[in-house]
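The conventions behind the values are stated where they are first needed.

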Amino acid sequence: MSSEEQAPRSVLPYPPIHEDAPFVVLSDWDGTITDKDSNDFLVDNLGFGFDKRRELNLECLSGRMTFRDSFREMLESVHHPFEECKEELKKNIKLDPGFVAFYTWCKSKNIPFVIVSSGMAPNIRGVLSTLLPGPDSEKIEIIANEVNFTDPEKKGEKWEIIYRHPDSGFGHDKSQAILPYRKLNHKPTLFFCGDGVSDLSAAKHADLLFAKVIANGHSDLKTFCEREKIPHVPFRDFNKVLEKVKEVVEGKSVEQVFKEEGN
C-alpha cells in the first residue's frame, strides 16, 4: 500500500511546502527545541501529577494504549483555564541554548525551518513570544495540534485538544509533514531533529537525522536508532546541529557526516 493510501485524514490545514528550497529543516518541539517537555510540565504541575502520567507513558510504550488516547487523558486532568496554562509555560519553559543562533542562521541562508509537534500550536507560539526576538515567534512555521474552547463563552475556561489526525493512534502523524518533500523532482536535502520514538515516523524519511541527548546521556530516539541501526547524529544542543547542517550546505555529503559521527 502506498504512503498516499495510508495517509491519515487531517482535520487541520497544512502550510504550503517549500517547493524550491534545496534544504529544509524540520524539528520536534518538546524536549528538542525546549529544555523540558511543556505538556509533561502542565500535567505534572497542574494535572494529575508525575506518577499517573508516567503510568500512562508506560502503557503507551508497551503498546497497550495509543499516544493519542494517553495524551488526551493527561490533558483532561488539567482543570485550569487555557490562558493560565499558557502563562505557566511562558514562565517555565526555556529554549535549547543553541536554538536562536541556529534559527537565525537558517533565516540568513533562506533555509526553511518547520516545527513539527504533537503539542498545541497556541502554547508553542506563546512560549516563543517570550523567547524569540522580534516578529519571529509569529512567523515561524508550526505544524501541530490545535485547541478547542468548550466553555459556553468560548473563553478557554474549559478546553480540549484538537488532534490533527484524529483517526491516527499518534493524534498527529509527523511523517505527513515530511513526505510531500520526498515527492519533489529536485529532491531537497531534509534535516530532522527529534528526541523521542514518536518522532520516528518523520525521522526515518529525513536525509540527516539529529537525535537530542539530555544531560544524563539519555535519548529515546538515539536508543531506538542504535537498536534499529538507523544512521543519526546525537546532539546535546543546537550548536552541534548548526555545525553539521552548515557543513552539508557548504558541500559535505550526508554520508561523510554520518561516517565522521561513527555511523
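1. The largest cavity has a volume of about 40 Å³, and the structure holds one cavity of 30 Å³ or more. A cavity is a set of points, on a 1 Å grid over the protein atoms alone, where a 1.4 Å probe fits but cannot get out. A volume is the space filled by probe spheres set on the points, with grid points joined across faces, edges and corners.

2. This is a predicted model, in which local features need pLDDT of at least 70 and side-chain atom pairs count only at pLDDT 80 or more, while totals for chains, interfaces and linings use all residues. Residues are numbered from 1 along each chain as its sequence is written, and side-chain values use heavy atoms, with hydrogens and water left out.

3. Which residues line the largest cavity? They are Phe67, Ser118, Phe170, His172, Asp173, Lys174, Ser198 and Ser201, where a lining residue has an atom within 4 Å of a point. This lining comprises two nonpolar, four polar and two charged residues. In that division Ala, Val, Leu, Ile, Met, Phe, Trp, Tyr, Cys and Pro count as nonpolar, Asp, Glu, Lys and Arg as charged, and the others, Gly among them, as polar.

4. The second largest pocket holds about 230 Å³ of space; a pocket is an open set with protein on both sides within 12 Å along at least five of seven lines. Its lining includes Arg72, Leu75, Glu76, His79, His80, Trp159 and Ile161. The elements giving two or more residues to this lining are α4 and β4. Helices (H or I, at least four residues) and strands (E, at least two) are DSSP runs, numbered from the N terminus. By class, the lining has four nonpolar, three polar and five charged residues.

5. Phe67 also takes part in a helix contact, as one of the residues of α4 that meet α3. The axes of α3 (residues 50-61) and α4 (residues 67-76) come within 9 Å and cross at roughly 170°. Angles over 145 degrees count as roughly antiparallel, so α3 is roughly antiparallel to α4. Axes are lines fitted to C-alpha atoms, for helices over the stretch in contact, and angles run from 0 to 180 degrees between N-to-C directions. On the α3 side the contact involves Lys52, Arg53, Leu56, Asn57 and Cys60, contact meaning heavy atoms within 4.5 Å.

6. An open sheet of seven strands, with mixed pairing, has the order β4-β3-β2-β1-β5-β6-β7. Its edge strands, β4 (159-162) and β7 (233-235), each pair on one side only; two strands pair if DSSP finds at least two bridges between them. Neighbouring strands are turned by 25° against each other on average, direction ignored. Helix α12 (residues 238-249) packs on the sheet and touches β1, β5, β6 and β7, its direction making about 145° with that of β7. Strands β6 and β7 run parallel and are joined by three bridges; Phe210 has Val233 as its bridge partner in β7.

7. Lys154, in the loop between β3 and β4, has a positive phi of about 55° although it is not a glycine. Lys187, in the loop between α9 and β5, has a positive phi of about 50° and is not a glycine either.

Notes. Parallel < 35°, antiparallel > 145°, perpendicular 65-115°, else oblique.
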